[in-house]
Each structure stands twice: as structure tokens, then as C-alpha cells.
Amino acid sequence: MRTGWLQFVPLPDGFQKIQAGAKAQFCNGALRHFRPAGGKSIAIDKNMCGLCPAIDAGIVGIIKLDGARECVFIPLYIVSGFAFVLNRLCLLDECLSQAHYTMIKPKNPIDCVVIGAGILGLWAARHAIRRGEQVLVIEKRQVGAGASGGFLGALMPHMPDSWNAKKQMQFEGLASLEDVIAELEADTGIECGFHRCGRLMPLVHEGMRNIMGQRIAGANEHWQDKFQMEMLDQPLQDWLSSNIAQYGASFDSLSARVDPRKYLAALRAFIESRASLLEGKEVVSVEPDANRVILKSGEIIHADRIVVSNGWEAYPLLQPFMGSMNNDKSIGRGVKGQAVLVEYNHDDTLPIVYHDGTYVVPHAGNRVAIGSTSLRDWQESAYPEPDTFDPTDMEFYEKALQLVPVLRSAPIVERWAGVRPRNTLEGRGTEPFLGPVPGRENLFALVGGFKITFGVAHVDWIGDFASRYGSPATSYPEQFKS
Ligand SMILES: Cc1cc2nc3c(=O)[nH]c(=O)nc-3n(C[C@H](O)[C@H](O)[C@H](O)COP(=O)(O)OP(=O)(O)OC[C@H]3O[C@@H](n4cnc5c(N)ncnc54)[C@H](O)[C@@H]3O)c2cc1C
């Protein structure tokens, strides 16, 4: 990493000088801070960067790394009385071709702008970066501020009977997680808390036992001998209540867990080291015909492709382009969920317990996450904010304690609420939109609408959308087409 304060040097002819004494700081070859003479230092992101109100006359500047022959040009432009600094060469390459310098040149223009830094947006960005593209992620609040920033982290398969393309895609996603996460951990040095812990689901009536045969056969056929499903007559009685599991339980060895916050931190570290991430910037509209997105601040970002992956708040951005597919009715809404984290001594060999929408997910460090993703009518409740925990709605917690009674004495150490997307396109149920928006080749929707996002966000064909035009990979399930 190269850091250090740099002085401006004389400019080539034809360029106005920024105030004498202005300084800039590099990190990893990218401009990270800019300080006008006598002004306050501002943080600058690599492509689209900070506001710099103290500069009043600058059009373009040039800075030179002390003792080296590397230079970066900083084009400035004035919008609404403010000067913005761009760490991009834009039109300057030609003008400055006579100058004596070696450029630190980001690819230009931006190939892919990703809206929203949840699990889908961050993975889309990682894919595109790894394919050598110039990526900018724009996040309204901060990384993980949406549904991805909780602590459940359950990675659970659909039932393996009645196999279809969606189940195949999900299986491939889940099965590849070890490798994918190990690679991310190696890239960043951040451990993600992944563990193939398995899952118990109680069989609460005779009929459930009867369908287990089909499920076990489905797992044998489709889970490629790597993972199994079995029926247990006496499943871990110190963990899953035998009052609930009256007919035993199903156990699958495919389910896993990850620590969502660590996982996001690793993705963030990867992206920040190779691309740009702007937090605290809200996209208010997307204009695929003009290859641009508009920020609330008035800034305009141009990009070859636009990936809309801002969770349940994606619907207003996509409505102008997808509303006609739904008779101009809203294409989706948010579903609020809640979770608590409890402290419980365990040796980290316990499986997830899942029943009827309630999750109990053991994590490392003597923590167990308990949650549910379906609070009804939350916008009309006394706690209508998406991220405010509703203490009057603890039904999910009570249900979890009935499932796993040993947790009754486990103290709650954290509460969390979040809103996940739920698509409402007529005729296609709640299936997610994952792919190009019809009629707009450069606009891509990555909008969940399911509870399995963490297990599939990394799959290659999702990355394909973020990183190239054209038809999606062959494994793209029909159900997910926008
Ligand atoms: C309680 C609960 C528990 C869950 N548990 C699990 C689980 O165990 N396993 C699982 O797989 N799934 C689970 N889910 C579902 C899963 O969390 C979500 O489907 C998934 O996180 C959605 O990810 P995302 O990237 O699409 O959106 P989000 O994580 O919501 O990210 C969207 C991001 O976009 C930003 N944003 C919004 N608007 C704008 C804008 N205009 N401009 C820029 N940025 C914007 C937001 O601030 C946010 O950071 C759970 C959901 C809930 C609510």
C-alpha cells in the first residue's frame, strides 16, 4: 500500500491551476483524500468522489507522487456551485499526452454500477471486478444496512423431491459455498463463519413421515452423493423438543450457516481494495437509455450497465420499466422480519432447527440466532420503520423456545429487524427477479423475494448479469426471468 501526502506540481499549458498548496493522498494507487489549500481534507472514492466546496476556481489539476514519476490528474467540474473531484482521466488523456508522466489510469468509463450493498449487490460487484471490469457500488446507507445485515445466516435447501431448475440452481449454490467462501477468505483475510452444520426439521404428524421417502430418494438422486437426507426417530433430544418432533425429524447434511456480517465485511474488503464503494449516496432514478443513474445529491453516474440490487427498495426504481408487466400495479413490496441473538454455551456441532417459518441457527462463539422473516402488516404497526425491532411481536421467539426449550434460559444479547423483498408480479408468484429487465439490455434486476438469498448470491450466472451483456447462462432458471 502506498500512502503519503502529495504536492501539486506545475501544470501543463492550457490548464488552470488549483489553489497553491492543495494536497492529495493516495492509497493503493487511487486518490483517497483531497485537501484544498487551507481547507478541510475530504475523503474521495476512486471514481466518483467527494464534494469539495472550498475549491472555487479549479478546472483541472495535476499532482505528482514525490520522488516518483507517477502522476494522477484530477478533473474538477462545477455543479450547482459545488466543485466535484473525479479521479478519472475522462477527456484529459489526449490533452495531456505531451506531458511527462506515467498515468495511474483507472478503466474508464465505469462498466458496471451496482445499486445497493447487500449480499446480492456485493456479489454482483465481486463477479464483475474479477472479470476485470470497472465497478462502482452505490449504497444509500452503509454496507449491510438492509436485510442482509442481520445474524441468522441460514443456508438451507429446498426439499429435494419434485426437482426443478430452481432447486438445481440452489443446490449448486449451496454445494459450492465451501470453495467460494474459502476463496473470499483467502482474498481478504476475513473469516466468514461458514459451517456445514446440517438442519433438523421436526415431523409433527404422520403424513410428514410418509413423504420422507420421496425426499430421501430425491436427495439420493440429486445431491450427488455428497449430502444426504435421512429420517431420525429420536433426533438430538437435548436440542429439538420431542414434544414437537413427535414423529421424529428429517435431517439434511447440506444445510449450513454463515455469519452474515462477517461475510459482508469480507465482500466489502474485497470490493474496496479493487473498486469503488460509495456509502451514504441514494440512487433516485435509473435511466438505462442514457446509461446513467441519478443520485439524490444531484450527481449523475454514467455506466455501461446498471445493476439494481437494492433489496425491497428496488421496486420504485424498477417500476417504470416493469410496471407494465403487472398492469401498472406495484411489482413488489417489503416483508419485515425479526431476529434475536442469544448467548448459549455449545460446542458448535449443533444443527439448524427449522419449522414453520421459525429459524434457530447456532453460530460460533456461543451464540444462537432465532428469527422469522414474515411479520404481517408491519407498515401499519406501532413500529413501521424497516429496521426497528418490534418488541410487541415476539411470537417467533416463543415458537423457537417451544422448538428448542434449552434456549429458554439463554439471555438475549441483540435484537434486529430487517425488510426483505417480496415480488408481486402477477402469474409468477413470489419468484425473484434475477436478470435483464425486458427490453433494456443494460438494466439488470437482482431482487431477492426469497429466503434463500445467502445460499445463492454467489452463483456464476448472477455474476454474468453484472458483468456482461447478452443471454444468461444456461442454468438460469426460467422462474427467475424478469
Ligand atoms: C429477519 C430476516 C431473516 C432472514 N434470514 C435469512 C437467512 O437466514 N438466510 C437467507 O438466505 N436469507 C434470509 N433472509 C432474506 C435475505 O436476508 C434477503 O433476501 C437478502 O438479504 C436480500 O439481500 P439483498 O442484497 O437483495 O438486499 P438488502 O440486503 O436489503 O440490501 C439492499 C441494500 O440497498 C440499499 N439501498 C436501498 N435503496 C437504495 C437506493 N435507492 N440507492 C442505493 N442503495 C440503496 C440498502 O440500504 C441496502 O443496504 C432474511 C430476511 C429477514 C428479514
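Colleague: Which residues come nearest to the ligand?

Modeller: This is a predicted model, and in it the shell around the ligand has 14 nonpolar, 18 polar and 7 charged residues. At least three residues of that shell are drawn from each of domain 2 (111-147 + 262-330 + 426-480) and domain 3 (152-257 + 332-421). Among the elements giving two or more residues to the shell are α2 (119-130) and β21 (332-343). Of the 39 residues around the ligand, those that come nearest are G116, G118, G146, G311 and G337.

Colleague: Within what arc do the buried residues of α7 fall?

Modeller: Helix α7, residues 314-322, has A314, Y315, L317, L318 and M322 as buried residues. Viewed down the helix axis they line one face of α7, because their directions all fall within an arc of 155°.

Colleague: And which strands do the buried residues of α7 pack against?

Modeller: The partners of these buried residues of α7 are β18 (283-287), β20 (300-308), β21, β25, β26 (433-437) and β27 (440-447).

Colleague: Is E343 buried, exposed or partly exposed, and which is it by the count of C-beta atoms?

Modeller: E343 lies in strand β21, and leaving aside residues up to four places away in sequence, E343 touches N366, R367, A410, P411 and V413. V368 is 25 residues from E343 in sequence, yet their C-alpha atoms are 6.4 Å apart in space. Because 14 other C-beta atoms lie within 10 Å, whereas a buried residue needs 20 or more and an exposed one has 12 or fewer, E343 is partly exposed.

Notes: Residues are numbered from 1 along each chain as its sequence is written. This is a predicted model: local features need pLDDT of at least 70, side-chain atom pairs count only at pLDDT 80 or more; totals for chains, interfaces and linings use all residues. A residue is near a molecule or strand if its C-beta atom, placed from the backbone, lies within 6 Å of it. Helices (H or I, at least four residues) and strands (E, at least two) are DSSP runs, numbered from the N terminus. Ala, Val, Leu, Ile, Met, Phe, Trp, Tyr, Cys and Pro count as nonpolar, Asp, Glu, Lys and Arg as charged, and the others, Gly among them, as polar. Domain bounds come from an automatic or database domain assignment. The arc is that of the directions from the helix axis to the C-beta atoms. Two residues are in contact if their C-beta atoms, placed from the backbone, lie within 7 Å.
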